[in-house]
Protein chains: 4
Amino acid sequence: MAAPTLIARLFGPDKPGLVARVAGWIYQRKGNIHHADQHMDVAANIFFQRVEWTPQEDAPAEAADFQEFAANELGMQVSIKVSSQRPKVALMVSKIDHCFHDTILRFKSGELAGELVCVLSNHPDLEAATQAYSIPFHYCPVQAANKSSAEATQLDWLRSYQVDLVVMARYMQILSDDFLRQLERPVINIHHSFLPAFAGGKPYHQAYERGVKLIGATAHYATPDLDEGPIIHQDVTRINHRNSIPELVRKGKDLEKSVFAQAIRLHLDSRILVYNNKTVVFD
Amino acid sequence: MAAPTLIARLFGPDKPGLVARVAGWIYQRKGNIHHADQHMDVAANIFFQRVEWTPQEDAPAEAADFQEFAANELGMQVSIKVSSQRPKVALMVSKIDHCFHDTILRFKSGELAGELVCVLSNHPDLEAATQAYSIPFHYCPVQAANKSSAEATQLDWLRSYQVDLVVMARYMQILSDDFLRQLERPVINIHHSFLPAFAGGKPYHQAYERGVKLIGATAHYATPDLDEGPIIHQDVTRINHRNSIPELVRKGKDLEKSVFAQAIRLHLDSRILVYNNKTVVFD
Amino acid sequence: MAAPTLIARLFGPDKPGLVARVAGWIYQRKGNIHHADQHMDVAANIFFQRVEWTPQEDAPAEAADFQEFAANELGMQVSIKVSSQRPKVALMVSKIDHCFHDTILRFKSGELAGELVCVLSNHPDLEAATQAYSIPFHYCPVQAANKSSAEATQLDWLRSYQVDLVVMARYMQILSDDFLRQLERPVINIHHSFLPAFAGGKPYHQAYERGVKLIGATAHYATPDLDEGPIIHQDVTRINHRNSIPELVRKGKDLEKSVFAQAIRLHLDSRILVYNNKTVVFD
Amino acid sequence: MAAPTLIARLFGPDKPGLVARVAGWIYQRKGNIHHADQHMDVAANIFFQRVEWTPQEDAPAEAADFQEFAANELGMQVSIKVSSQRPKVALMVSKIDHCFHDTILRFKSGELAGELVCVLSNHPDLEAATQAYSIPFHYCPVQAANKSSAEATQLDWLRSYQVDLVVMARYMQILSDDFLRQLERPVINIHHSFLPAFAGGKPYHQAYERGVKLIGATAHYATPDLDEGPIIHQDVTRINHRNSIPELVRKGKDLEKSVFAQAIRLHLDSRILVYNNKTVVFD
């Protein structure tokens, strides 16, 4: 098994020598850089970097040192993780199950660098299927009347599992601002259109009505503004006049599965930096 | 050289036996069907067909007979053309020249089944380039103050060339309702976004701002509602955070050229039926 | 629920009036044609048609009548099925499980118009997973020494289930000529390259060595000539120099799943005609 | 106008600290790194880098210094250029003109970072078209009998223009080993198939015969082994049974144009490193 690496993501005001100083810091400690990817937002004068290296000694200690160096000496915002840490992921779902099965099978196959620790749902339908995968299932109905107490229950569950990431596999409820604020963890949603086209409900119906020739899917971080969060990944597929709405739904499922999985993969591989409601994706 | 074929496009309320009656009519006259493509809009109960055959005798006469048969006996709206007729096409352009060159070269190579008869522009910039292609160039500045008289001039030119189709190769002016109504000819526009996302001005800037991961181009028939006409063809290409707006523009040019050309080809091959602000494209 | 339709696929030497005679036959019996799609191989003078209609009366009887009409009066080779018949499908697999899970879940979701009746494997690894899906699993090891007796066992199983179609979800054994001849049923295989590039073993390694910029997957009917059968569907995805062989494998899995599923769908929807080691796909 | 940058491409045996030493060298001279992209071929233990920076002082002098540093102190093979240098490009063509027009128009629009200095052809057909673009045209027929003297003539022309790059826009002759050796300049060829499928002559005919569902185009560096050189860029487009060979040719043209242009762009932007008959493309 490969030795654990350190993966740092940093961004902040550009200044001369950032690449040299980061690489020099690592070289001094006899670290071996595997990947180093930079980006400059020239208009905003912001420097972004993802750098991955094998530390010579104790990885967590070096991570802490680097964190301090990058924050204090370089003035960067920085996230750093040891590659052997596997983030804990919760999946939220309603009744539609294609992303649910696909995501779970990808976690089980080892394709995604995290641990799927629980499934939360506002419907009981997928309880047996979840348990067949040996994953805990938590059911809590959500209606207008009980929304805030339901969200409190959900937050309790997510905290009890020490979840690092929530992924919404076609979860058919809007998360409140309050929920997102208290969760303090990123939430990835899959929307079944090529955003910003067809935001909101029934996007395949909207696409059919408008007569577009491609349908899409968009994975984004959830924010209080519905379907307005930073886009992580998108893809499209061709349709034609013969395709009825059920066929759009069927074709769209394949898109949703692959776009959602790719977004989760990029996040768990620490390849995403969010800035100004957009993403820098180092892939 | 192949004998001319007849190409009929029909649509109207579905009723039993339409396929059989059309095919039977042609068979009786010893016509040889090369292609016959149908579509049913089940929700609206509308039947659409494109059928192409080699007539035994005089093509224009048989075309007229078929027209009457399909309209009177089948109750269909019908367009029919003899394949050897080459529609006359006018190209409208401003200063941006990538679609301009690309479209003209495709006409010159014989790739498009029509005759490019003139170029109209609201700027003089592409006069020499147009003349180098041995195509007449007509310049008429269009400003807010003179818009209606400028459009009258343009209509005169288009009528004098007996134009069958107008294609807007990044013509940076909105055609008025009046112009479209008086023209009585279809107009194909290329919009540099994946409509309905980023309608209106500066779509690449809008796309950059929103942080989408794909940019697109859309060819559609122009209608009085800007960027709302029936979509003919669309395509997208992948971008990433490294791509500045000029790079989106550069990548988008290739999309615009191929999407625009494909829409013109489909139109000139009589493959498009418009219904309910959408297109049925028999390709 | 919709009334059953009849779906006929025919091909044979072209002659005048085929479209009219088929449509006329159906119209006479008051059938309602939903789809009729033709193709002419002009070089070979072969006519191909797929036609789907709702019969007025007893579907199986009309199917038999049509079969006789198309064969005897039109001189066509014809296959006809009642849409409510659901073909029985056997899945062959070894150890690699991504196509296995994906295909089974698609059958279970109702996305594929057939019945998955059994799984056959030359390894015991996927027995528990198959049974968790409530599908019978049959294990028979296949080595050079016992290949012909193993294939006899497999044939017995397939016959006992009255299988109409065999799909190989990354089954890592070559089926013998004898097996294919005795089976008398189509077999769909998924090959993990863009055929004809990289036929044979370890295609992702071959692709990596050659330095191609796209990898592909190909679904085809199995024939005695390995990887030479009629191609049903293909797709590709972009790779770059950063992608190691394991990453090609990972990216390829998504391709394999969707290409394989699409081929099975097209087959079960009776959309494929095979002629001259190629496919005509009416989609 | 932006200050000129230096663009260095290096590769060689990996050793600790390469990123740091390169970045440190630049930082010491107060250079500002815009892009730095690395790649490790782990199996071969080879380090690849492309780094672009604005030098503080005289660009050519700093380029020479860096060259020495990277070669002598780091043991790397290195190419370095000043961004304001515009490589001189010769285009070779026969009669087919779609890539010819497309490439010239892209150079003229400023989209490609080089100077198109001449067109060489083995046919006189495109002389007038070339001159209409105000580019010198040199015609030299090439037959089996005169091949070596014809190639000598071509080499003379290319040398007299001090050409840095030759691009073959569907030039229908094989360049001899001798020619390539004496030229000592890279040659980019566009092949009209998805290599390694359908190498050699008439690839669209081969594709039609095999019944593939996608056709492709491949841009690669020419080497003495026909169609075996390092692949720079590839793309594909979907076809179906309706597409005759002329339609494959027509669809393929658009692919060839965009794939060829992208390869030329990547080369002129110094984004390609060739190693082991493969390319590392930093895009």
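**Figure 1. Contact between chain D and chain C in the predicted model.** In this predicted model, 34 residues of chain D and 34 residues of chain C form the contact (contact means heavy atoms within 4.5 Å). The two chains bury about 2,900 Å² between them, with 52% of it on carbon and sulfur atoms. In chain D, D:Arg210, D:Lys213 and D:His241 lose the most area to chain C, together 24% of what that side buries. Buried area is the accessible area, taken with a 1.4 Å probe, that two parts lose on being put together, summed over both. Local features need pLDDT of at least 70 and side-chain atom pairs count only at pLDDT 80 or more, while totals for chains, interfaces and linings use all residues. Residues are numbered from 1 along each chain as its sequence is written, chains are lettered from A in the order in which they are written, and side-chain values use heavy atoms, with hydrogens and water left out.

Figure 2. C:Arg238 and D:Asp235 meet through their side chains in a salt bridge, at 3.4 Å from N to O.

Figure 3. Two or more residues each come from strand S2 (32-41), helix H7 (203-210), strand S11 (231-238) and strand S13 (278-281) of chain D. S11(D) gives the most to this side, with 7 residues. Helices (H or I, at least four residues) and strands (E, at least two) are DSSP runs, numbered from the N terminus.

**Figure 4. Rotation axis between chain D and chain C.** A rotation of 180° with 0.0 Å of shift along its axis superposes chain D on chain C, with an RMSD of 0.0 Å. Of the residues of chain D, D:Ala197 comes closest to the axis, at 2.3 Å (C-alpha). The copies meet through the same surface, because 100% of the interface residues of chain D are also interface residues in chain C.

**Figure 5. Contact between chain A and chain B.** Here 34 residues of chain A touch 34 residues of chain B. About 2,900 Å² is buried, and carbon and sulfur atoms give 52% of that area. A:Arg210, A:Lys213 and A:His241 supply 25% of the area that chain A buries against chain B, more than any other three residues. The count of salt bridges is 4. One joins the side chains of B:Arg238 and A:Asp235 (3.4 Å, N to O). S11(A) gives the largest share of the side of chain A that touches chain B, 7 residues.

**Figure 6. Helix H8 of chain D.** H8(D) covers residues 245-268, and its 24 residues should span 34 Å at 1.5 Å a residue; the end C-alpha atoms are 34 Å apart, which agrees. The expected span is 1.5 Å times one less than the number of residues. A kink of about 25° is centred on D:Gly252. The bend is the angle between axes fitted to the seven residues ending at a residue and the seven starting there. D:Ser270 follows H8(D), with a positive phi near 55°.

Note on methods: Copies are superposed by least squares on the C-alpha atoms of residues with pLDDT of at least 70 in both.
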